[in-house]
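Dear colleague,

Please find below the structure I am handing over to you. My findings follow after it.

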Amino acid sequence: AHLAEDPLPLRRAKLTTEAARKKAEKARAPFEAATQIAVAARAEADAAVEEAARLVADAEAFLEEVRNRPGSAKGTFWWMDRELTEIKKYKPTSRGGIAK
């Protein structure tokens with residue numbers, strides 16, 4: 001009984017599906033390139049953030065070393081600590097900030 005049915009609707013559905021798939025792939029191509037560029041940019045940004053965090057840690061270690069030298073100006077170091085603390089208050093804790 002099913003052999004006598006018209007295969008045209010099935011054929012039309014297959015063609016429509018294939019055309020829709022090709023259209024979707026064609027529309028997706030520019031976005032895939034942009035996604036790859038964005039992923040590379042994010043990796044570079046993450047590396048830059050890690051490098052900056054390392055440099056800040058080095059600077060704080062040097063500040064502590066200089067602070068412990070005899071004859072250092074205590075007021076200057078207090079002011080530097082205050083500025084660093086204020087900066088850290090507005091950074092996210094995931095990026096080295098502190099709770100307010």
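**Helix packing and overall form**

The crossing of helix 1 and helix 2 is left-handed. Please note that this is a predicted model. Helix 1 covers residues 8-67 and helix 2 covers residues 74-89; their axes lie 11 Å apart and meet at an angle of about 160°. Angles over 145 degrees count as roughly antiparallel, and the two helices are therefore roughly antiparallel to each other.

On the side of helix 1, the contact is formed by Glu-60, Leu-63, Val-66 and Arg-67. Helix 2 contributes Lys-74, Phe-77, Met-80, Asp-81, Leu-84 and Lys-88. Sorted by class, this contact holds five nonpolar and five charged residues, with no polar ones.

Phe-77, which belongs to helix 2, deserves a separate mention. Its relative accessibility is 10%, and buried means under 20%, so Phe-77 counts as buried. Leaving aside residues up to four places away in sequence, Phe-77 touches Leu-63, Val-66, Arg-67 and Ser-72. Phe-31 lies 46 residues from Phe-77 along the chain, and the C-alpha atoms of the two are separated by 51 Å.

As to the chain as a whole, its secondary structure consists of two helices and zero strands. The radius of gyration is 31 Å, well over the 13 Å given by the globule rule for 100 residues, so the chain is more spread out than a compact globule. The C-alpha trace spans about 105 × 25 × 20 Å along its principal axes. Of the 100 residues in the chain, 6% are buried.

With kind regards

How values were computed: Residues are numbered from 1 along each chain as its sequence is written. This is a predicted model: local features need pLDDT of at least 70, side-chain atom pairs count only at pLDDT 80 or more; totals for chains, interfaces and linings use all residues. Side-chain values use heavy atoms; hydrogens and water are left out. Axes are lines fitted to C-alpha atoms, for helices over the stretch in contact, and angles run from 0 to 180 degrees between N-to-C directions. Helices (H or I, at least four residues) and strands (E, at least two) are DSSP runs, numbered from the N terminus. Angles under 35 degrees count as roughly parallel, over 145 as roughly antiparallel, 65 to 115 as roughly perpendicular and the rest as oblique. A crossing is left-handed if the near helix is turned anticlockwise from the far one by less than a right angle, and right-handed if clockwise. Contact means heavy atoms within 4.5 Å. Ala, Val, Leu, Ile, Met, Phe, Trp, Tyr, Cys and Pro count as nonpolar, Asp, Glu, Lys and Arg as charged, and the others, Gly among them, as polar. The radius of gyration is taken over C-alpha atoms; the globule rule is 2.2 Å times the number of residues to the power 0.38. Buried means under 20% relative accessible area, exposed over 50%, partly exposed in between (1.4 Å probe, protein chains only).
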